[in-house]
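Student: I would like to learn how to read a helix and a strand in a model. Could we go through one of each together?

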Amino acid sequence: MCTTCGCGHPEQVRIGELPHSHDGDNATKSSKTPPHFSTATFQAQTTSDDTQKRLLKLEIDVLSKNNRLADQNRRFFANQQMRVFNLVSSPGSGKTTLLTTTLNALKDKQDCYVIEGDQQTENDADRIRATGVPAIQVNTGKGCHLDAQMVAEAIVKLQPGAESLLFIENVGNLVCPSEFDLGEQAKVVILSVTEGEDKPLKYPHMFAASKLMILNKVDLLPYLKFDVEKCIGYAKQVNPAIEVIALSATTGEGLDDWLAYLAR
């Protein structure tokens with residue numbers, strides 16, 4: 001996670017027009033040691049063993065704070081009777097295309113809202129808004145994931161209604177987002193058939209943390225060497241309880257199964 005990959009150097013994370021410091025209220029604990037930093041920072045100052053101990057403690061502190069905030073988010077969502085899904089994947093899986101297709105199918109039947117996570121630009125949020133669904137863009141800069149505090153601040157600006165459906169499109173990354181609970185009902189991992197079928201084995205933490213795997217771009221299967229059953233078997237090996245839906249966000253094949261899952 002971020003304490004070892006160094007993705008979250010202290011910088012501003014932009015949520016629409018709402019400023020937010022990536023290190024949150026942990027910044028008040030020390031003006032010299034931010035809660036996210038690279039391993040190299042400590043290696044220059046301490047022994048290797050000392051570094052690992054301090055990194056482990058910091059990782060625990062960061063996740064503990066995040067989990068407390070995620071629980072607060074979860075209580076808010078429950079009180080509002082909202083259904084909340086955290087969409088996670090590597091870049092290029094078709095997350096945003098799937099999301100826009102989903103919103104176009106649901107928006108006349110269900111109030112929907114979206115929190116968009118990207119390192120830079122509002123491109124994906126603009127694509128969502130073009131469907132008529134309210135969306136807030138969260139730009140994380142060098143950060144590789146959304147956290148519970150970012151979601152809480154985005155919710156204040158987005159103001160979703162009761163009994164609504166909230167989609168959180170996380171930053172494209174199969175590592176750090178697996179560690180950070182946002183208060184969602186379920187993580188939904190999206191895997192494109194243009195990726196390797198062994199992705200569940202390469203990134204087991206993400207697939208273990210997800211309740212549903214969507215196998216996207218199945219319309220391309222005739223042109224690829226991708227073993228669907230083997231991929232599903234790998235996912236079940238990592239997480240026996242994971243559900244799987246195969247679909248194409250562009251052709252609509254299998255989309256009804258996804259919409260039924262959301263309704264359920």
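Student: Which residues are exposed on the other side of α10?

Tutor: Keep in mind that this is a predicted model. On that side of α10, the exposed residues are Asp 256 and Ala 263.

Student: Which residues of helix α10 are buried?

Tutor: The general idea comes first: an α-helix has 3.6 residues a turn, so residues three or four places apart point the same way. In helix α10, which spans residues 255-263, the buried residues are Leu 255, Trp 258, Leu 259, Tyr 261 and Leu 262. They lie on the same side of α10, because the arc they cover around the axis is only 155°.

Student: What do the buried residues of α10 pack against?

Tutor: They pack against several elements, among them the helix α4 (95-106) and the strands β3 (83-89) and β6 (165-169).

Student: How should I read a strand, and which residues of β4 lie on each side?

Tutor: In a regular strand the side chains alternate between the two faces of the sheet. In β4, Cys 112, Val 114, Glu 116 and Asp 118 are on one side, while Tyr 113, Ile 115 and Gly 117 are on the other, and all are buried. Since 7 of the 7 residues of β4 (residues 112-118) are buried, the strand is largely enclosed by the rest of the structure.

Student: Which strands are joined to β4?

Tutor: β4 pairs with β6 in the parallel sense over 5 bridges, and Tyr 113 stands opposite Leu 166 in β6. Strand β5 (residues 135-139) also runs parallel to β4, joined by 5 bridges, with Ile 115 opposite Ile 136 in β5. Together with helix α5 (residues 123-129), β4 and β5 make a right-handed β-α-β unit.

Methods:
Residues numbered from 1 in each chain as written. Predicted model: local features only at pLDDT ≥ 70, side-chain atom pairs only at ≥ 80, totals over all residues. Heavy atoms only, no water. Buried < 20%, exposed > 50% of the residue type's maximum accessible area, 1.4 Å probe, protein only. Helix = DSSP H or I, 4+ residues; strand = E, 2+ residues; numbered from the N terminus. Arc of directions from axis to C-beta. Contact = heavy atoms within 4.5 Å. Pairing = 2+ DSSP bridges. Right-handed = clockwise from strand over helix to strand, strands pointing away.
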